[in-house]
Amino acid sequence: MEYYTEDKLVEQPAIAIFDEICWETANCFYETFGTNGTLRRETSSEVVLISRLRPALQKLNPELFGVNKELSSEAIHLAIEEFLTDRSSLNPVNANREIYKLLKDGITVTIRNRNGEEVQERVRVIDWDHPEENDFFLASQFWVTGDMYKRRADLIGFVNGLPLVFIELKAMHKRLENAFYGNLTDYKDTIPQLFWYNGFIILSNGSESKIGTISSQWEHFADWKKINSEGEEGVISLETMIRATCEPKRLLDILENFILYSDEKGGLVKMVAKNHQHLGVNSAFEAVRDIKDNRGRLGVFWHTQGSGKSYSMVFFAQKVMRKLPGNYTFVVVTDRNELDGQIYKNFANAGVVTEAEDRVRADSGEHLKQLLKEDHRYLFTLIQKFHTDPGKTYPMISDRSDIIVITDEAHRSQYDIMALNMRNALPNAAFIGFTGTPLMIGEERTKQVFGDYVSIYNFKQSIDDKATVPLYYENRIPELQLTNKDLNDDIQNVIENAMLDEEQEKKLEREFSREYHLITRDDRLEKIAEDIVAHFMGRGYSGKAMVISIDKATAVKMYNKVKKQWGKYIDDLRVKVSAAIDDKQKEDLQNKINFMQETDMAVVVSQSQNEIQEFRDKGLDIATHRRRMVTEEMDVKFKDPKDPFRIVFVCAMWMTGFDVPSCSTIYLDKPMRNHTLMQTIARANRVYQDKRIGLIVDYVGVFRNLQKALAIYGSVSGGGILPGESPVQDKQKLVEELREGIEQVEEYFKERKIDLGKIISADAFPKIKLIDDAVDAILQNEESKKKYMSMALSVQSLYKAMLPDPKATEFVEKVLLIGVIAEKIRSLSPPADISHVMKAVEAVLDGSIAAEGYIIHEQGEYGKNVIDLSKIDFEALKAKFEKSRKHIEVERLKGAINARLLMMIRLNKNRINYLEQFQKMIDEYNSGSANVEQFFNELVEFAKTLNEEERRGVAEGLNEEELTLFDILTKPDMKLTQI
């Protein structure tokens, strides 16, 4: 058994690795003290090895000795005294930060020169650029005495005599948690002076190793699985950890550039980068070194949600600023005001940004221009600030080449006119995109602006490394049954009685072909509310929860219904208390009642004008909720794990960029896909105390979309695209297609004597007249109108696709005018109004679904309906989807689209078959499928495989309303906006 001890299997092999990586090592168990002692410590209470610190300072500061040896000795003496100052009155983390600043920036001392004048000298403590110039010494079995206790540390790594690395080891068959709870916590209490100097802490039993800091709780100690960017690993975890973090060059890099102190609500927190952050940021840093070769395209930094992306931004900026020559300014760009504020706070809390918020957050393009002329290292702005009037090119606001633009979630909103404006405004800047979601198919063009992936840390890697907790999916979709067999006739009567015109009829059909009206049925929501209460109270881990509804009104409805069911649940518990036969059972039930009575829940939704009346018209009260949102710090309360605010009802807010580690459950009743879906479920994947998983409770059936997203998010190949299969095509092809499209429009205009250039150059009133003349010429007949609208839509789509390529600038005026003319034509037809029919149809639907028809399946045996997302074979899943897309025949697609559209064209208000559409949606829910829009599912899947030209070809001959419908079906994510 002696061979399997901690010393034989763990400590001695670890020391041997330190020998290999050029550390001097010594066993100090039998250390002698005094001037001639082993380490020349006077007593074991000393934790700084002055015998090593003094010669290191003399070596690192040769310029001091060139003037006066006596004065130089005084400077060294004062520097050492500064290190030895008693800091026991300080909070340990504050003491640690104080010393860290001395390590990083040197110690300023005041001495007298030869003329007796007081002068200040900076004494350098560590040579960060030349590791070999420093002294690295590893002491094993190192004794330290505190005020009352004496302890022996396993391994202490000294750099220039300062104890910067603390390593606590356990036997390979012991639980690693014991190193934290049984040893480290005791050492911090009994010998705190040792940790004033500490850089980071390593805990290991050989096969498992963790790294953290003086303030890290156990759950925040992290694995370190790779030695370098090539993925090299040691034989066991401890070897990987030592070689990756303690090899002198890597050690100094981590200590200098990957340590942060953040002022949080609970006090000062010290953070050390995780493995993926260290490797990823260094890859991005190297891209800045090669900034000329990569022409300012620094890359896309994809690290999945919950893995510390926002702090990676800080590490990246901090290292560039410190290690590379130049006068860099970082411009951090987001697309949401709350994210802009949050990222600023991260930089400010970490002490990286010291200027007031109003000094560095640009509120307009002009303000940004002014700030860039001033001496700021960090600036923050929204991409929306890069707005121009139609037809205007955004002016250059700075031609500096030392500006680095960091965009958050680069592919979410960076591909419109404002992104192009941003690049026109900063033509010589370098761009790097930080994102928590990968570039999915159709978004690979991001690489043409930012460059290729500079670092990938995906969903599965994050779970494997325990940087996030695994997410589990639970399908609790309500089943529905029709009880009104005459539903089709009833809706038919509503339509006939309303005397709808053709356009209103089509709009009504579109409205009811979606799942909205099914999702928001009153009795369905009631059943889900009942289930949420039972589920929330029945969970094993009682973390906080988010209920996500399809819109704001439904969020308020769900709040009301959950509150009602909450009261019923408490009443049921009280009945059980009165019937309980033993004290323990009564106590448990009463504890549940107490928990429920103290639990707070609230609605958090964005404001809108006239919302009080709009909600009142729906029988809802938003004012009470808005008052709380305005007067209380709802975000602070929800983030506080001790606050009784435990359930929040949302529809869009707090779904991205909002970290609540104690949140463990997402109740999802809103159809989603791709980035939004992944960002939403990631609200539950943060690491927190004894939280082991995050749970996604699905009431709407998103699992198929989740599978598709995970096939890409979890793949190792970075976006799920294998070599040779990338959908990325030469951007020049889009440019040529756009040029051809504009030439076709110009030729069409010439035939009708419309001068595009004359309209563009005209003044305001003449411009309006010329546009009206152009519209009149286009509307000669229906065929002429359809042809122009088809060409205009094609031009606008191509233009949007190529943004923000600077080449788009040459087309902007023509594209804008083409779009304005198309919008003018649309404006001549009043929007379809079906509001007078909706209530009548709602009444028919209310009477067509029985409340008892909703069934939420009980879980039955544990795990039956729960899917561990981390166990999915993402590569096989991806291959399945790729295969299903490749083998769809174009002719089959054309036939399906043709048959469906012909049916729609032939339909009139007396023959619309709503029952078929509605029954199909019901079948989707009953079968448990994820896609509730089954009616057009195959058509959409077929259409996705077509390129833009093929889709336009299919759409030839459709009127504008049909063409719009076609685009909605084939492009679920497309949002047509005014240009």
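## Packing of α8 and α9

In this predicted model, helix α8, which spans residues 275–289, packs with helix α9, which spans residues 309–323, at an angle of about 45°, and their axes are 9 Å apart. Because angles under 35 degrees count as roughly parallel and those from 65 to 115 as roughly perpendicular, α8 is oblique to α9. The crossing of these two helices is right-handed.

On the α8 side, the contact is made by Gln-277, Val-281, Asn-282, Ala-284, Phe-285 and Val-288, while α9 contributes Tyr-311, Ser-312, Phe-315, Phe-316, Lys-319, Val-320 and Lys-323. Sorted by class, the contact of α8 with α9 has eight nonpolar residues, together with three polar and two charged ones.

## The nonpolar cores

The largest nonpolar core holds 142 residues, of which Phe-83, Phe-316, Phe-347 and Ile-404 touch the most other members. Helix α9 supplies the largest share of this core, with seven residues.

Leaving aside residues up to four places away in sequence, Phe-316 touches Val-281, Ala-284, Phe-285 and Val-288, and also Phe-330, Ile-404, Ile-406, Ile-432 and Phe-434.

## The chain as a whole

The chain contains 39 helices and 23 strands, and buried residues make up 54% of its 979 residues. Among contacts in the chain between residues at least 6 apart in sequence, 75% join residues that are at least 24 apart.

Conventions. Residues are numbered from 1 along each chain as its sequence is written. This is a predicted model: local features need pLDDT of at least 70, side-chain atom pairs count only at pLDDT 80 or more; totals for chains, interfaces and linings use all residues. Side-chain values use heavy atoms; hydrogens and water are left out. Axes are lines fitted to C-alpha atoms, for helices over the stretch in contact, and angles run from 0 to 180 degrees between N-to-C directions. Helices (H or I, at least four residues) and strands (E, at least two) are DSSP runs, numbered from the N terminus. Angles under 35 degrees count as roughly parallel, over 145 as roughly antiparallel, 65 to 115 as roughly perpendicular and the rest as oblique. A crossing is left-handed if the near helix is turned anticlockwise from the far one by less than a right angle, and right-handed if clockwise. Contact means heavy atoms within 4.5 Å. Ala, Val, Leu, Ile, Met, Phe, Trp, Tyr, Cys and Pro count as nonpolar, Asp, Glu, Lys and Arg as charged, and the others, Gly among them, as polar. A nonpolar core is a set of buried Ala, Val, Leu, Ile, Met, Phe, Trp, Tyr and Cys residues joined through side-chain atoms within 4.5 Å. Buried means under 20% relative accessible area, exposed over 50%, partly exposed in between (1.4 Å probe, protein chains only).
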